[in-house]
Amino acid sequence: MNKHIEKAIQLRNATPMVNNCSQTILRVYAEELGLDENLAAGIAGNFGGGMKCGSTCGAITAGFMILGAKGIESPFAVNEFRRRIAEKHDGMTDCAELLRANAQKGGAKKPHCDNMIFEAIELIDELPDIFGQGVEIDNSEAVQTARRAKELLDKLAEYKPLAKV
């Protein structure tokens, strides 16, 4: 099993459970990012529960923070992370919507949130550290079009203006 998921399970199964979804993910990666676990938990504290107001899921916002700390900041990479999670949840990324949909299916909150944490961790670990530097992670038509557009823009940037107007 993934070492990050193992640590997340330990944190989420601690009694009493004191880590929200965002805190769990930041604690999991704290040491390898050079952060104190308590500082990481403090930073993430207000992101649980969809920033405490049902907005974007704390597992997703924590994923953004970890990706950024790992130097993965391109809009394409961040949107790919969000898109892959949304794809598994009928397009939903807001905590309140995710919990409501889960409850309508008869699901309990903690297992749902635990699964959101595990999904985010799997994606964080899956996206390569050099994302955005030519690594293929998706061959969809939209991604191919975006790559071709970037190639054309890069070529265009090489040309100098022929005349000044």
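The side chain of Arg27 makes a polar contact with the side chain of Glu37, at 3.3 Å. A polar contact is here a pair of N or O atoms within 3.5 Å; within protein, one must be able to donate a hydrogen and the other to accept it, and residues adjacent in sequence count only if both atoms are side-chain atoms. The model is predicted: local features need pLDDT of at least 70, side-chain atom pairs count only at pLDDT 80 or more, and totals for chains, interfaces and linings use all residues. Residues are numbered from 1 along each chain as its sequence is written, and side-chain values use heavy atoms, with hydrogens and water left out.

Arg27 lies in helix α2. Helices (H or I, at least four residues) and strands (E, at least two) are DSSP runs, numbered from the N terminus. At 14% relative accessibility, Arg27 counts as buried. Buried means under 20% relative accessible area, exposed over 50%, and partly exposed in between (1.4 Å probe, protein chains only). Beyond four places in sequence, Arg27 touches Lys7, Leu11, Asn19, Glu37, Asn38, Ala40 and Ala41. Contact means heavy atoms within 4.5 Å.

Asn19 sits in the loop between α1 (3-13) and α2. With 5% relative accessibility, Asn19 is also classed as buried. Its side chain is joined to that of Arg27 by a polar contact of 2.7 Å. The C-alpha atoms of Asn19 and Ala41 are 7.6 Å apart, although the two residues are separated by 22 residues along the chain.

Helix α2 (residues 21-30) packs with helix α3 (residues 37-44) at an angle of about 150°, their axes 8 Å apart. Axes are lines fitted to C-alpha atoms, for helices over the stretch in contact, and angles run from 0 to 180 degrees between N-to-C directions. The pair is therefore roughly antiparallel. Angles under 35 degrees count as roughly parallel, over 145 as roughly antiparallel, 65 to 115 as roughly perpendicular and the rest as oblique. From α2, Ser22, Gln23, Leu26, Arg27 and Ala30 meet Glu37, Asn38, Ala40, Ala41, Ile43 and Ala44 of α3.

The axes of α2 and helix α5 (residues 58-69) come within 7 Å and cross at roughly 30°. That makes α2 roughly parallel to α5. Here Cys21, Ser22, Ile25, Leu26 and Tyr29 of α2 meet Gly58, Ala59, Thr61, Ala62, Met65 and Ile66 of α5.
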